[in-house]
Amino acid sequence: MRNLRTEVVTLYVVIAVLFLGSSLVDSYFDYNAFRRNGELLKNYETINQAIVAYNQSSTAFRLFNRNKNKIFYTDYTQKYQEVTTLLSGLSQAFKESEQTILYYRISTQMLEERNTLIDAYVNLQSPTGSLSKDYEWITLMGNYVNGFLNDLLSAYLDQINKRNSQVLHQFNTFKTAANVLKIGFLFILAIGLELMVRRSRQKMKEASHVMQEISKRNFSVEDIGTTVYTDINEFIVTTNTMKHEIHTLIEQIEAFSQQKIEHEQQKRLLAESRFKELQLQINPHFLFNTLSMIIRHIQSDDKQTSIRLVKETSLLLRNSLRNTMTISLDEELELLRSYIFIQQMLLGQRISIILDIRRAYGSTIVYVPPLVIQPIVENAVLHGLKDVREGGLIEIQVEEKQDYFAVTVSDNGKGMDDDELNQALLEREGHVGLSSVHQRLMLLYQREQVMALESEPGNGTRVHLRLYKEVALSTP
């Protein structure tokens, strides 16, 4: 059997060899033209440098004549030597044109004559007997020299343009011949490729039809038949195999997707279950003390206080047992006020609790876990201020930011050292409140930055919460 790749490669090798030869000749012409043009431009730049150096020498001489300062004469001498050095280095380049060699000779002779007059003028040796006439003659010669140098520059530029025109004509002639040859080669290539394409086009159409049917998930379409080319047959066999493997893979993906959906649903149910489990962790001692206080007020016939205590307590219990993962921040603050009222009744004058709410962005609805601030306050009462007999203070500040509400609960209690701070968020007996809040906030917002603690022994404790305006779990 024949190999399509071998035939195509053979055809391309023949064409590539012909093109390579043409490119090598083309590159040779380009290189020589570029190198020669670079030399000409470099010489042109050298003439410009000589003109600049000459103007600088003239300026230095005028400053010397005005100030009689030898420093300026030294500058003149250096620049004069630079001009002569630059021009002498171009003597061979000027020989290609009679006009440039003429301007070159006139310029160098006048430069030398002007320099002789300047040396005599500086040494007060006047050839004419009058230094002022000598200076006028030096100035006049300077103007002539400047003019001839510019004429030299223009003549050399004409020389460059003439040379470039000749090179461009030769290059265009070669390019025309090369392009004709390349067009012939491309025509041969097109014919050869067309013959090969006709032999395989039918099978490509069959492959396209199979691909379209696969895109429609019609895997019952017939397999593609083989050809006389072994490499095309490899493609055909691969396509047929791919069709069967895609069919199998799609079936596996659909089964996996169904398992994934069921797994995600199980994970969500577990997260919600854990969230509600943490929500129910309310200190039973607080409830016991509250019920005892209600009984005492009933026994003392304090009906108004007893009724309010029962209402506030039932509100707390009802919300702690609600089958919901979130409530609005306004509802949470109402629960917090109920808790503060009960705690103030229990604590009496021993501890004061202050609630400060600062809103800034209007009526934004923010969802939070139920009873998320209360455990922080309770922790301050039970641990931070447990040894305080009077003057205890708990300040609760709720401040609205652009993306979240910042809640800070601070007390003036005993504080904690570094070891106690590290252990504060661990779920253990007596400290389940902080752990419950931390875990519920992370479950709801799917963020790490939800709680931070600050404390020093003897300087109280500050707990910072972030109640974000966007939650990761769906709200009721």
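## A valine on the outside

Let's start with valine 17, which has its place in helix H1. Keep in mind that this is a predicted model. Is valine 17 buried or exposed? Its relative accessibility is 54%, and exposed means over 50%, so valine 17 counts as exposed.

Now for the aromatic rings. The count comes to 10 aromatic pairs. One of them joins phenylalanine 61 and tyrosine 121 in an edge-to-face arrangement, with 5.8 Å from centre to centre and 65° between the planes. Phenylalanine 61 belongs to helix H1 (residues 4-67) and tyrosine 121 to helix H3 (residues 98-122), so this pair ties together parts that are 60 residues apart in sequence.

Which residues do ring pairs link into a cluster? Here's the line-up: Phe61, Phe64, Tyr73, Tyr76, Tyr80, Tyr121 and Tyr135.

## Charges sitting over rings

Rings can have charged neighbours too. Take phenylalanine 64, one of the cluster members: the charged end of lysine 68 sits over its ring, 5.8 Å from the ring's centre.

Phenylalanine 341 has a charge over its ring as well, this time from arginine 308. Where does the charged end of arginine 308 sit? Look 3.7 Å from the centre of the phenylalanine 341 ring.

Definitions and conventions
Residues are numbered from 1 along each chain as its sequence is written. This is a predicted model: local features need pLDDT of at least 70, side-chain atom pairs count only at pLDDT 80 or more; totals for chains, interfaces and linings use all residues. Side-chain values use heavy atoms; hydrogens and water are left out. Rings of Phe, Tyr and Trp (its six-membered ring) pair if their centres lie within 6.5 Å; planes under 30 degrees apart count as stacked, over 60 as edge-to-face and the rest as tilted. Helices (H or I, at least four residues) and strands (E, at least two) are DSSP runs, numbered from the N terminus. A charge sits over a ring if NZ of Lys or CZ of Arg is within 6 Å of the ring centre and within 35 degrees of the ring normal. Buried means under 20% relative accessible area, exposed over 50%, partly exposed in between (1.4 Å probe, protein chains only).
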